[in-house]
Amino acid sequence: MSGEIEEDEGRRRQRKLEEAVEVKSLRRIISAYLNYPEAAEEDVRRYERSFKKLPPAHKALLPHYPSKFQSLRRCISMNAYFIFNMLQAFEPPLDMSQDVDICEDSHLETFGIEHCHSEEGNASSCQSASTGGRMCCSNHAQACSQERSSIMSNPTADEVQSEHQHEPISGSCAGEVGNKKDIVECCGIDVADSNGNVFSYPHDWLDPSLQLNVPLVDVDKVRCIIRNIARDWAAEGERERDQCYKPILEELDTLFPNRCKESPPACLVPGAGLGRLALEISCLGFISQGNEFSYYMMISSSFILNHTVTTGQWTIYPWIHSNCNSLSENDQLRPVSIPDIHPASAGITEGFSMCGGDFVEVYNDSSQIGAWDAVVTCFFIDTAHNIIEYIEIISRILKEGGVWINFGPLLYHFADMYGQEDEMSIELSLEDVKKIAFHYGFHLKKEQTIETTYTTNPRSMMQNHYHAAFWTMQKKRTSTT
C-alpha cells in the first residue's frame with residue numbers, strides 16, 4: 001500500500017514539474033511578445049548611431065533619414081498596439097501564477113519548433129519555446145461574430161504613410177519606445193471597473209514587472225509571426241496562398257465532389273500555423289481541424305479567428321525590421337491591413353476547430369485510428385524529429401481510401417542543432433520519403449513540383465524560392481475476399 005502511495009506521489013510531482021515547465025515556457029513566449037517594442041527600438045537606435053558616424057558631407061546627402069527613424073518608431077508602436085490587444089484577449093490554459101522555480105531552463109529548449117521559412121538571410125526555421133503535449137480543442141466559430149468593444153483607440157496607418165509622415169505625432173505612442181511598461185501604458189491597458197477602481201493590468205501575467213528577460217532570438221520569432229500574419233491574413237499574402245493553398249483546395253474539391261452538410265468529410269491539418277488553410281478547408285464543406293504546436297502561432301490565430309469583428313480591423317507593418325534589399329523606403333514602411341476576410345462570415349462548416357499540442361502526442365492515440373477522410377500537410381512534414389513516425393501516424397489516422405495531400409520542402413528543422421548531441425533528426429530525401437509512405441500503405445495518385453516562397457516581402461530585391469513537393473497519396477483499402 002505504501003508503495004502505491006509513493007508511486008502516486010511521484011506521479012503528482014512529475015505532473016507538477018511538467019506543468020511548471022509549460023508555464024515557464026508560456027511565460028517566456030509572452031515575454032518575447034512584450035519585449036518586441038523594446039528590442040525593435042534598440043534596432044532603431046543602432047541605425048541612428050551608424051548614421052551619426054557619417055561625415056557631415058555624407059549626412060547631408062540623407063536629410064530624410066532622421067525622419068525615417070521616427071517613422072519606424074511609429075510603425076513599431078502600431079505593431080505593439082496589435083500585439084497588446086492580442087495578448088489581452090488571450091486566455092492561458094494554465095495557471096500562470098504558480099511557482100515555476102522548480103523547473104530549470106534546460107527543459108525549455110526541448111519545447112516546440114515552428115515554421116518560419118523566411119527570405120531574410122538564409123531560409124531557416126525558427127525554434128520556439130512552445131509547450132508540449134495535449135492542450136485543448138476549441139471551436140473557433142462561435143465567438144467570432146460577437147462584436148467586442150475596444151478599450152483602446154487605434155492609431156491610423158495614415159499617421160505613418162501620409163505626406164507628413166516625418167512630422168512628430170502627438171501622444172504617448174509617438175517617438176521612442178523606452179521599455180515594456182511604457183508601451184503597455186502607451187497602448188492604454190489601464191482599465192477601470194464600474195466603481196471607478198483602476199487596475200493597471202487586466203491579466204496579472206501581463207504585468208511587465210513579472211516578465212522574463214528573453215534572448216533576442218525569441219523576439220525574432222515575434223517578427224516572424226508578424227510576417228506570417230501578412231502571409232495568412234492579408235491581401236498582400238494572396239500570391240503565396242495561391243501558390244500553396246490553392247492547389248490543395250482544388251485537389252480536395254476534386255477528390256470529394258459529393259460533400260453534404262449532413263455528413264461532411266473530415267480533414268485534419270497538422271501544423272496549421274495561423275489557421276487560414278484550415279479555415280479555407282472548412283469553407284469548402286469539410287469538418288476541418290487544425291493542429292498546432294507553437295504557442296506563438298496559437299496566440300495569434302486564436303485572436304484573429306475569435307476576436308476580429310470586421311475586415312481590415314488591424315494595421316501592421318511586417319517589413320520594417322530589415323533595411324536590406326528595399327527598393328524604396330515606402331516599400332519598407334508600407335502598412336498591411338488584416339484580416340482580408342472576416343473569419344466568422346467566411347462560411348465555415350460546423351465542427352471547425354483548432355487543437356493545440358504536439359502532433360505525435362495528440363494523434364498517436366487509439367481514438368484517432370481511421371478517424372479522418374483526409375490529412376493535409378503544408379510546410380509541415382520537415383518539422384519532425386522522425387519523419388517516419390509522422391508518416392506512420394498519418395497512415396494510421398486515415399480511413400481506408402483516405403487521402404494525404406502534402407505541399408512543401410524538406411527543410412528539416414532539427415538538421416543543424418549544433419551543440420545538442422542528443423537532438424534526434426532523421427533527414428530523408430524526397431525519394432526515401434515516398435518509399436516510406438508506400439511501406440505504410442499509400443499509393444501515389446498525383447505528384448508535381450510547384451515553385452513558391454514563404455513569408456516573402458513581395459517587393460524585396462531578394463526572393464528565396466522553394467521547389468515544393470506537391471502530392472496526393474491514397475491509403476490502400478484492405479482487400480476483401
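A residue is called buried here when its relative accessible area is under 20%, exposed when over 50%, and partly exposed in between, using a 1.4 Å probe and protein chains only. The model is predicted, so local features need a pLDDT of at least 70 and side-chain atom pairs count only at pLDDT 80 or more, while totals for chains, interfaces and linings use all residues. Residues are numbered from 1 along each chain as its sequence is written, and side-chain values use heavy atoms, with hydrogens and water left out.

Let us start with the overall fold. A contact means heavy atoms within 4.5 Å. Of the contacts in the protein with a separation of 6 or more, 79% are between residues 24 or more positions apart.

Now for a pair of helices. Two packed helices are described by the angle between their axes and the distance between the axes. The axes of helix 3 (residues 65-89) and helix 9 (residues 295-307) come within 9 Å and cross at roughly 85 degrees. Each axis is a line fitted to C-alpha atoms, for helices over the stretch in contact, and angles run from 0 to 180 degrees between N-to-C directions. Angles under 35 degrees count as roughly parallel, over 145 as roughly antiparallel, 65 to 115 as roughly perpendicular and the rest as oblique. Helix 3 and helix 9 are therefore roughly perpendicular to each other. On the helix 3 side, Phe82, Asn85, Met86, Leu87 and Ala89 take part, and they meet Ile299, Ser300, Phe303 and His307 of helix 9. Sorted by class, this contact of helix 3 with helix 9 has six nonpolar, three polar and no charged residues. In that scheme Ala, Val, Leu, Ile, Met, Phe, Trp, Tyr, Cys and Pro are nonpolar, Asp, Glu, Lys and Arg are charged, and the others, Gly among them, are polar.

Next come the aromatic rings. A pair of aromatic rings is described by the distance of the centres and the angle of the planes. Rings of Phe, Tyr and Trp (its six-membered ring) pair if their centres lie within 6.5 Å; planes under 30 degrees apart count as stacked, over 60 as edge-to-face and the rest as tilted. The structure holds 20 aromatic pairs. In one of them, the ring centres of Phe90 and Tyr295 are 6.2 Å apart with planes at 80 degrees, so the pair is edge-to-face. This pair links distant parts of the chain, 205 residues apart: Phe90 lies in the loop between helix 3 and strand 1 (113-114), and Tyr295 in helix 9. Both Phe90 and Tyr295 are buried.

The rings of Phe379 and Phe407 also have their centres 6.2 Å apart, but their planes are at 35 degrees, so the pair is tilted. Here the partners are 28 residues apart, with Phe379 in the loop between strand 11 (372-378) and helix 12 (387-397) and Phe407 in strand 12 (residues 398-408). Phe379 and Phe407 are both buried, and together with Tyr454, Tyr466 and Phe470 they form one aromatic cluster.

Phe379 also leads us to the backbone. Most residues other than glycine have a negative phi, and most peptide bonds are trans. Phe379 has a positive phi of about 50 degrees although it is not a glycine, and its relative accessible area is 2%. Asn325 has a positive phi too, near 60 degrees; Asn325 sits in the loop between strand 8 (314-316) and helix 10 (329-333) and is partly exposed at 31%. The peptide bond from Ile338 to Pro339 is cis, with omega near -10 degrees, and Pro339 is in the loop between strand 9 (336-338) and strand 10 (353-357).

Finally, the charges. A salt bridge is a side-chain nitrogen of Lys or Arg within 4 Å of a carboxyl oxygen of Asp or Glu, and the count comes to 22. Arg45 and Glu42 form one at 2.9 Å, N to O; being three residues apart in helix 1 (residues 2-52), they are separated by about one helical turn. Glu42 also meets Arg49 at 3.1 Å. Arg45 is partly exposed at 23%, as are Glu42 at 34% and Arg49 at 43%. A network of salt bridges links Glu41, Glu42, Arg45, Glu48, Arg49 and Arg73. Elsewhere, Glu240 and Arg231 form a salt bridge at 2.8 Å, N to O, and both Glu240 and Arg231 are buried.

Key. Helix = DSSP H or I, 4+ residues; strand = E, 2+ residues; numbered from the N terminus.
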